Amino acid sequence: MLANEPTLQDHEAWAEALGHTIKVQRTDLGVGRRRLATISGISYSYLSAIENGNKVPSAKILRVLVDQKFQRVGGTETLATDARIVAA
């Protein structure tokens with residue numbers, strides 16, 4: 001293993017911290033989990049797993065949350081969303 005290579009524990013801690021940050025931001029904004037999932041174009045169960053630290057969101061999902069834009073699978077139109085998550 002390389003000296004700076006992240007461990008499984010690092011990955012799990014990062015997933016948990018990111019999920020917690022998303023959940024706190026969502027609740028502070030008064031947005032329900034189902035609403036955020038809908039406007040972000042992901043399933044409720046996937047968002048729930050992210051917030052609980054059980055899944056790490058893909059770069060594409062993080063990009064939707066940051067840029068507030070997405071394209072449906074097979075679509076050509078870029079859609080705007082009002083989801084806002086700020087994470088450090």
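## A look inside the fold

Setting aside residues up to four places away in sequence, Ile 50 touches Ala 15, Gly 19, Ile 22, Lys 55 and Pro 57, where contact means heavy atoms within 4.5 Å. This is a predicted model, in which local features need pLDDT of at least 70, side-chain atom pairs count only at pLDDT 80 or more, and totals for chains, interfaces and linings use all residues. Residues are numbered from 1 along each chain as its sequence is written, and side-chain values use heavy atoms, leaving out hydrogens and water.

Ile 50 also belongs to the largest nonpolar core, a group of 10 residues that includes Leu 18, Ile 22 and Leu 65. Such a core is a set of buried Ala, Val, Leu, Ile, Met, Phe, Trp, Tyr and Cys residues joined through side-chain atoms within 4.5 Å; buried means under 20% relative accessible area, with a 1.4 Å probe and protein chains only.

Helices here are DSSP runs (H or I, at least four residues), numbered from the N terminus. Helix 2 supplies the largest share of the core, 3 residues.

Glu 51 counts as buried because its relative accessibility is 5%. Its side chain joins that of Arg 26 through a polar contact of 2.6 Å. Beyond its neighbours within four places in sequence, Glu 51 is in contact with residues including His 20, Lys 23 and Arg 33.

Technical notes: Buried means under 20% relative accessible area, exposed over 50%, partly exposed in between (1.4 Å probe, protein chains only). Helices (H or I, at least four residues) and strands (E, at least two) are DSSP runs, numbered from the N terminus. A polar contact is a pair of N or O atoms within 3.5 Å; within protein, one must be able to donate a hydrogen and the other to accept it, and residues adjacent in sequence count only if both atoms are side-chain atoms.
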